[in-house]
Amino acid sequence: MLSPASAAVVGATLPVVRAHAAEITGEFYSSMFAAHPELLRVFNQGNQADGRQQLALAAAVVAFAGQLLDPAAPPFDPIAERIAHKHVSLGIRAEQYPVVGHHLLTAVGTVLGDAVTPAVAAAWQEVYWLLACRLIAAEARLYERGDVDPADVWRRWRVAKRLDEAVDTVSFTLVPDDGGLVPDFRPGQYVSVAVDLPDGRHQPRQYSLSQGPGRGSLRITVRRVPGGAVSGFLHDRVTEDETLLLGPPAGDTALDRGTGPVLLASAGIGITPMAAMLDDLARTRPTRPVVLAHADRSPAHHALRRECAHTATGLANVRELRWYEHDHDERSRPGRMNVGALPLTPDTTAYLCGPLPFMHELRDGLIRRGLPVERIHYEVFGPGML
Ligand SMILES: Cc1cc2nc3c(=O)[nH]c(=O)nc-3n(C[C@H](O)[C@H](O)[C@H](O)COP(=O)(O)OP(=O)(O)OC[C@H]3O[C@@H](n4cnc5c(N)ncnc54)[C@H](O)[C@@H]3O)c2cc1C
Ligand code: HEM
């Protein structure tokens, strides 16, 4: 809890911090990378370039401060969970928090200038460390649960199989190259993949595991992003028998272990976590009612289409719905996914993955149709949340 003196100061300065949050985090990243260029290899430079990571960090700090001041504010737990999982997938360690704290608090001073009196600086330092302690504890639990040493998260994996799945989409099936075991994970989780790019940069990206656990390998399915550094590298340079560096499986959007009906709704490459959930459902809960809904540009773009249709045959109670913007056939509908056409029951649990506008529209539509927000789970293929 925030001390009463700091609570008053944070309450008085929160509006100005909120108003300048993106500027503060922008300043924070440039000063931190100038002082610690080694951190450039840990952060996704694509997310830095378009400002999304700055916004996600700013939004998280402001939401946490808001929660400290007003327990009736939206809960911070889901945000903390998402951040902790992302950090664990990248091997972020407790001893890095003072560096981030130093540059973040210095950036507050740089942007807000004279408004930052010693009392203001001390109050925001307290906020930072309350948040840091919470994340460090959550991350320690995840490292322990996964039996992962945070100082040594990166393992080398060999590409046992490379398969073209759809237009601009390739799957890589990976087996440990270090003789170790394939870690357990929950369907819906992802791994960070780190590569050495031809321009000399070392860069990580996250990729959802696209098949369920217990198969003796991990598989990722990657769509080429135009101008994208890592997806382009994986497509152009990584062939069978090459090796890749992978972090531990992580991610807070994972299939629940219940028995009630499930909606798996995806668009585009958002099919990947759904394919893993479907695979796991067919193997471990084949009687669970499932609706598998997917929207794509065309059948040729629909990755894992045949595999998912085949997996669905292993389920006792499944409905498959497809929407294609082009080339739709007798088994699909034209255009974009229509939330009104999704078969739902009051006890459905929904999992969504796809572009942000798709997920906003779908989530709003599901809420309108009576699904409680806590039973709508989603994965964002970038920083931040809906
Ligand atoms: C949890 C999670 C799971 C994911 N799962 C999958 C998955 O299963 N399959 C999958 O294919 N993807 C997945 N992604 C997305 C993936 O992590 C990458 O974001 C994606 O592959 C693009 O990375 P890239 O390096 O190719 O592109 P980047 O180089 O990061 O570029 C992304 C975009 O930014 C633009 N850009 C880059 N640098 C600049 C610059 N300097 N100035 C202006 N614009 C710039 C690029 O042109 C491009 O449009 C997932 C992401 C997350 C967070
Ligand atoms: C209280 C302190 C911190 C907060 C509030 C914080 C917040 C965040 C947030 C909101 C994200 C985006 C999560 C998402 O994907 O939605 C993130 C990602 C990340 N954080 Fe932190 N973080 C903190 C400390 C640290 C530290 C100490 C490091 C170590 C260097 C770090 C490194 C990263 C990296 C590398 C990413 C992924 C960035 C990307 O993919 O672009 N963070 N963090």
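Hi everyone. A word on conventions first: this is a predicted model, where local features need pLDDT of at least 70 and side-chain atom pairs count only at pLDDT 80 or more, while totals for chains, interfaces and linings use all residues. Residues are numbered from 1 along each chain as its sequence is written, chains are lettered from A and ligands numbered from 1 in the order in which they are written, and side-chain values use heavy atoms, with hydrogens and water left out.

H87 itself sits in helix α5, residues 77–90. Helices (H or I, at least four residues) and strands (E, at least two) are DSSP runs, numbered from the N terminus.

Next, a helix pair. Helix α6 (residues 97–112) packs against helix α7 (residues 118–145) at about 150°, and their axes are 11 Å apart. That makes α6 roughly antiparallel to α7, a label for angles over 145 degrees. Axes are lines fitted to C-alpha atoms, for helices over the stretch in contact, and angles run from 0 to 180 degrees between N-to-C directions. Residues making the contact include Y97, P98 and L104 of α6 and W124, Y128 and W129 of α7; contact means heavy atoms within 4.5 Å.

Now the antiparallel sheet. It is open, with six strands in the order β4-β3-β6-β1-β2-β5. At its edges are β4 (202–208) and β5 (218–223), each pairing on one side only. Two strands pair if DSSP finds at least two bridges between them. On average, neighbouring strands are turned by 40° against each other, direction ignored. Helix α8 (residues 229–237) packs on this sheet, touching β1, β2, β3, β4, β5 and β6, and its direction makes about 80° with that of β4.

How many bridges join β1 to β2? There are eight, and the strands run antiparallel. A166 stands opposite T169 in β2. The two strands form a hairpin with two residues between them, and D168 in the turn has a positive phi of about 55°. On to β6: β1 is joined to β6 by four bridges, with R158 partnering T243. Strand β3 (residues 190–196) also pairs with β6 (residues 243–246), over two bridges, and there A194 stands opposite L245.

The other open sheet has parallel pairing, with six strands ordered β10-β9-β8-β7-β11-β12. β10 (333–334) and β12 (376–379) each have a single partner strand, so one side of each is left without a neighbour in the sheet. Six bridges pair β7 (residues 262–267) with β8 (residues 290–296), and S266 has H294 as its bridge partner in β8.

Helix α11 lies across β7, β11 and β12, running at about 165° to β11. D364 belongs to α11, residues 356–368. Buried means under 20% relative accessible area, exposed over 50%, and partly exposed in between (1.4 Å probe, protein chains only). For contrast, T311 in α10 (residues 305–312) is buried, at 16%, and touches L278, D279 and A282, not counting residues up to four places away in sequence.

Conventions: Parallel < 35°, antiparallel > 145°, perpendicular 65-115°, else oblique.
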